Amino acid sequence: MILRLSGKRTLSKLNAFALVVTVALGSTLATILLSRDVSLVEGILALALLVALQYVVALLGVRWPPSQRLIKARPTILLRDGHLRHATMRRCRVVESEIRQAARSQGVGDLHDLAAVVLETDGSLSVLTRSRLGDGSSLADVVDDGP
């Protein structure tokens, strides 16, 4: 019930902070259920505090956009105009086969047919073909490390 009250963002694809909160929620719940040293009221208070912390951080990100740089990473371009960015891939620990797999899953056989492959903040790869990219506005929030 507490998770439902906290909103959909608590259970959405996780950034690093949300993952830590989720693990802490699980650990706290396990402690409540398994430890005789923690009362039910203390456990519920701890759960409510963690959910409130997650809610405040999400609200801060919405109300004060500069805080987003502290809370979560920005998406990163790994391939642009059909050319792999090997230095960026090394830094992000992504290998070429992962990019090729993402392209195949979108029905693209040749990397040169791609406008961009973006490593998203949740670790997934977004594949943008030249026809789907349009004016490039979907890349406005992406880290572009050059050629």
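Trainee: How many salt bridges does a search of the whole structure find?

Mentor: Bearing in mind that this is a predicted model, a search through the whole structure turns up one salt bridge.

Trainee: Which side chains meet in the salt bridge?

Mentor: The side chains are those of Arg-100 and Glu-96, with 2.6 Å from N to O. In general, side chains of opposite charge can pair when their charged atoms come close.

Trainee: And where do Arg-100 and Glu-96 sit in the helix?

Mentor: Both belong to helix α6, which covers residues 96–105, and because they are four residues apart there, about one helical turn separates them. An α-helix has 3.6 residues a turn, so residues three or four places apart point the same way.

Trainee: How exposed is Arg-100, and what about Glu-96?

Mentor: Arg-100 has a relative accessible area of 36%, which makes it partly exposed, and Glu-96 is partly exposed as well, at 30%.

Trainee: Okay, switching to the fold: what does the secondary structure come to?

Mentor: The protein chain has seven helices and four strands, and reading along the sequence gives the pattern α-α-α-α-β-β-α-α-β-β-α.

Trainee: What can you tell me about helix α3?

Mentor: Helix α3 runs over residues 40–63, and its 24 residues reach 34 Å from the first C-alpha to the last, close to the 34 Å expected at 1.5 Å a residue. Among the buried residues in α3 are Leu-47, Leu-50, Val-51 and Val-57, and Gly-43 and Gly-61 are buried too.

Trainee: Now the strands. Is β3 mostly covered or mostly open?

Mentor: Strand β3, residues 114–119, is mostly covered, with six of its six residues buried.

Trainee: Which strands does β3 pair with?

Mentor: Strand β1 (residues 76–80) runs antiparallel to β3 and is joined to it by four bridges, with Leu-79 standing opposite Val-117 in β3. Strand β4 (residues 125–129) also pairs with β3 in the antiparallel sense, over five bridges, and in β4 the bridge partner of Ala-116 is Leu-128.

Trainee: What lies between β3 and β4?

Mentor: The two strands form a hairpin with five residues between them, and Gly-123 in the turn has a positive phi of about 95°.

Trainee: Last one: how much of the whole protein chain counts as buried?

Mentor: Of its 147 residues, 31% count as buried, while the accessible surface comes to about 9,900 Å², with 60% of that belonging to carbon and sulfur atoms.

Technical notes:
Residues numbered from 1 in each chain as written. Predicted model: local features only at pLDDT ≥ 70, side-chain atom pairs only at ≥ 80, totals over all residues. Heavy atoms only, no water. Salt bridge = Lys/Arg side-chain N within 4 Å of Asp/Glu carboxyl O. Buried < 20%, exposed > 50% of the residue type's maximum accessible area, 1.4 Å probe, protein only. Areas by Shrake-Rupley, 256 points an atom, 1.4 Å probe, with all protein chains shown as cover. Expected span 1.5 Å × (residues − 1). Pairing = 2+ DSSP bridges.
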